Amino acid sequence: MANQVLELRGVGKDIGKRTILSSVELDLAPGESLALCGGNGVGKSTLLRMIAGILRPSRGSISLGGLEWASNRKRYAEQLGYMPDDYLFGQGLSAEETLSFWASLRKVSPARVSETLELVGLSGVRRNPVTSFSKGMRQRLLFAQALLAKPPLLLMDEPTNGLDPYWMDSFAELVRFAKAEGHAVLFSTHQLQIAEAAADRVVFLKDGGIAEQGRTSSFTDRYGPYGLQAVFSRLFGDAGSQERPR
Ligand SMILES: Nc1ncnc2c1ncn2[C@@H]1O[C@H](COP(=O)(O)OP(=O)(O)OP(=O)(O)O)[C@@H](O)[C@H]1O
């Protein structure tokens with residue numbers, strides 16, 4: 001498809017003898033948001049890490065801004081901002097120092113650091129140590145880090161895990177802002193309410209591939225007011241998860 005930021009064709013991953021993902025096809029356009037859903041262990045993080053260039057696919061191709069990781073790693077990496085599901089912040093560093101460190105790695109100006117802190121609502125606490133921040137504030141700082149260099153694609157792994165409804169709501173607002181600025185946003189989540197609030201499209205992964213997908217509103221049209229929940233329950237049952245191997 002023309003004008004896509006991200007194109008996945010037949011992407012799969014084996015770890016040892018186990019196939020984690022067999023074949024995934026995905027497209028994402030500028031200004032579009034997509035939530036990757038599914039029970040524990042279906043491969044959401046694995047897929048995001050392959051797109052981020054942290055893990056190599058066992059098969060298939062990933063094109064980001066028309067680039068493949070293997071042919072131009074540096075330019076490929078410049079196309080994306082990645083928000084990991086967990087991050088250990090440096091002891092004693094303020095929000096501004098933390099973001100300035102990331103900015104120096106990406107050759108981003110100090111003015112952009114201030115602008116980004118403002119955008120995520122952390123300007124007033126920029127000199128406070130990150131270790132004093134609530135989980136919601138730390139997530140905002142990680143979001144700022146992903147947004148810093150204005151990459152075409154924002155990739156986020158469980159961005160609202162552990163957040164209360166206030167911070168979830170403010171995350172949805174940040175995604176809407178990022179989309180309006182033309183960023184494509186791809187995030188994984190267990191929390192269907194955040195998929196509902198922040199994603200234009202939802203993809204459910206199961207058994208190594210895409211089990212269901214569609215526009216977020218289409219799930220309500222097809223399955224009623226709790227459409228996403230209905231699909232999740234049908235796919236993953238009461239446990240809502242696939243057992244991880246022991
Ligand atoms: N390095 C690894 N070695 C062995 N198995 C792995 C490794 N990384 C992931 N897996 C397995 O791959 C499967 C997919 O893991 P992944 O973390 O991608 O799932 P997920 O959908 O993100 O799960 P969750 O929702 O619990 O975070 C799991 O069964 C996991 O145990």
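Biologist: Is D27 buried or exposed?

Modeller: D27 is buried, at a relative accessible area of 14%. Buried means under 20% relative accessible area, exposed means over 50%, and partly exposed is anything in between, using a 1.4 Å probe and protein chains only. Bear in mind that this is a predicted model: local features need pLDDT of at least 70 and side-chain atom pairs count only at pLDDT 80 or more, while totals for chains, interfaces and linings use all residues. Residues are numbered from 1 along each chain as its sequence is written, and side-chain values use heavy atoms, with hydrogens and water left out.

Biologist: Thanks! Which residue forms a salt bridge with D27?

Modeller: That would be R9, with the closest N and O atoms 2.9 Å apart. The two come from distant parts of the chain, 18 residues apart: R9 sits in strand β1 (residues 6-15) and D27 in strand β2 (residues 18-28). Strands here are DSSP runs of E with at least two residues, helices are runs of H or I with at least four, and both are numbered from the N terminus. A salt bridge is a side-chain nitrogen of Lys or Arg within 4 Å of a carboxyl oxygen of Asp or Glu. R9 itself is partly exposed, with a relative accessible area of 30%.

Biologist: What else is in that network of salt bridges?

Modeller: E25 is linked in with R9 and D27.

Biologist: And how many salt bridges does the structure hold?

Modeller: Eleven. One of them joins R127 and E96, at 4.0 Å from N to O. That pair also links distant parts of the chain, with R127 in the loop between α4 and α5 and E96 in helix α3, 31 residues apart. R127 counts as exposed at 62% relative accessibility, whereas E96 is partly exposed at 22%.

Biologist: What about R112, where is its partner?

Modeller: R112 pairs with E115, the closest N and O atoms being 2.4 Å apart. Both are in helix α4, three residues apart, which is about one turn of the helix. An α-helix has 3.6 residues a turn, so residues three or four places apart point the same way. R112 is buried at 10% relative accessibility, and E115 is partly exposed at 40%.

Biologist: Back to β1 and β2. What order do the strands take in their sheet?

Modeller: The order is β2-β1-β4, in an open, antiparallel sheet of three strands. From one strand to the next, the twist averages 25 degrees. Strands count as paired if DSSP finds at least two bridges between them. β1 and β2 have seven, and β1 and β4 have five.

Biologist: Which residue is the bridge partner of L8 in β4?

Modeller: I62. Helix α1 (residues 44-52) packs on this sheet, touching β1, β2 and β4, and its direction makes about 120 degrees with that of β1. Such angles run from 0 to 180 degrees between N-to-C directions, with axes as lines fitted to C-alpha atoms, for helices over the stretch in contact.

Biologist: What is I51 in contact with?

Modeller: Leaving aside neighbours within four places in sequence, I51 contacts L6, L8, I62, Y76, L80, L153, L155 and L186. Contact means heavy atoms within 4.5 Å. I51 is also among the residues that touch the most other members of the largest nonpolar core, along with L47, F143, L153 and F204. That core has 78 residues, and a nonpolar core is a set of buried Ala, Val, Leu, Ile, Met, Phe, Trp, Tyr and Cys residues joined through side-chain atoms within 4.5 Å.

Biologist: New topic: how many residues of α5 are buried?

Modeller: Eleven of its 13, including F143. Their cover includes β5 (80-83), α3 (95-105), α4 (110-119), β6 (153-157) and α6 (165-180).
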